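Here is a short briefing on ring pairs and pocket lining. Have a look at the model first, and then we can walk through it together.

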Amino acid sequence: MRFFSIIALMLPALALAGPAEDLVARLDQLRALSGHFEQTVIGEGGERARDSAGTLEVARGNRFYWHTERPYEQLAVSDGATVWVYDPDLEQVVVRPLSDDLGETPALLFGGDPSAVTRAFSVSEQDRQGERVTYRLRPKAGDPLFDTLDVTFNGETPSAMRLEDALGQKTLIDFRDLTINGEPTPGRFKFQPPEGTDIIRQQ
């Protein structure tokens, strides 16, 4: 009888755990992740605009390493304060301060402060099938880079992100072979431009 009384007391608390709280709880368990990604951009008319793939590493403290390897190489790195975007074909790197606006840098969803998610987005549950659940995030700030951001988890592991902008262009990102909460690669979140690289600084 005591067991059922405890369950009855828990039910109101469980009922209050909505999609936003559920998502924050999942993100709170992520201190770091690394693996591969495949990205597809779908144009406004539904045409497949381009595909790309590469490796990523994200760690708490707004640190990330996003290396697009094909079809054209590009590297985006942040140490939590500065972002370097390096284009080896152009031999140039753009250096700018990191914005803590999740609406500008979706990668911070996994490496930033989980509690900031509910301040930046309205969160709803888009789909749930067994252990696979998708949350839909809508930016609260005006003039966002995207209208919706769908984040899918398979159990406790992120498996995909889907972004759609106001014009209907979609960016689909699938994560592969992820390692969760491993030790970050030493020096991964700093970037030293190769000699001869043009450096463009933005404020």
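In what follows, Ala, Val, Leu, Ile, Met, Phe, Trp, Tyr, Cys and Pro count as nonpolar, Asp, Glu, Lys and Arg as charged, and the others, Gly among them, as polar. Please keep in mind that this is a predicted model, where local features need pLDDT of at least 70, side-chain atom pairs count only at pLDDT 80 or more, and totals for chains, interfaces and linings use all residues. Residues are numbered from 1 along each chain as its sequence is written, and side-chain values use heavy atoms, without hydrogens and water.

**The largest pocket**
- By class, 17 nonpolar, seven polar and nine charged residues make up the lining of the largest pocket.

**Aromatic pairs**
- There are five aromatic pairs in the structure (ring centres of Phe, Tyr and Trp, its six-membered ring, within 6.5 Å; planes under 30 degrees apart are stacked, over 60 edge-to-face, the rest tilted).
- One of them is the tilted pair of Y86 and F191, with 5.1 Å centre to centre and 40° between the planes.
- Y86 and F191 are both buried (under 20% relative accessible area, with a 1.4 Å probe and protein chains only).
- F121 and F146 form a stacked pair, at 6.3 Å centre to centre with 25° between the planes.
- F121 and F146 are buried as well.

**A charge over a ring**
- R188 sits over the face of Y65, 4.1 Å from the ring centre (the cut-offs are NZ of Lys or CZ of Arg within 6 Å of the ring centre and within 35 degrees of the ring normal).

Terms used:
Buried means under 20% relative accessible area, exposed over 50%, partly exposed in between (1.4 Å probe, protein chains only).
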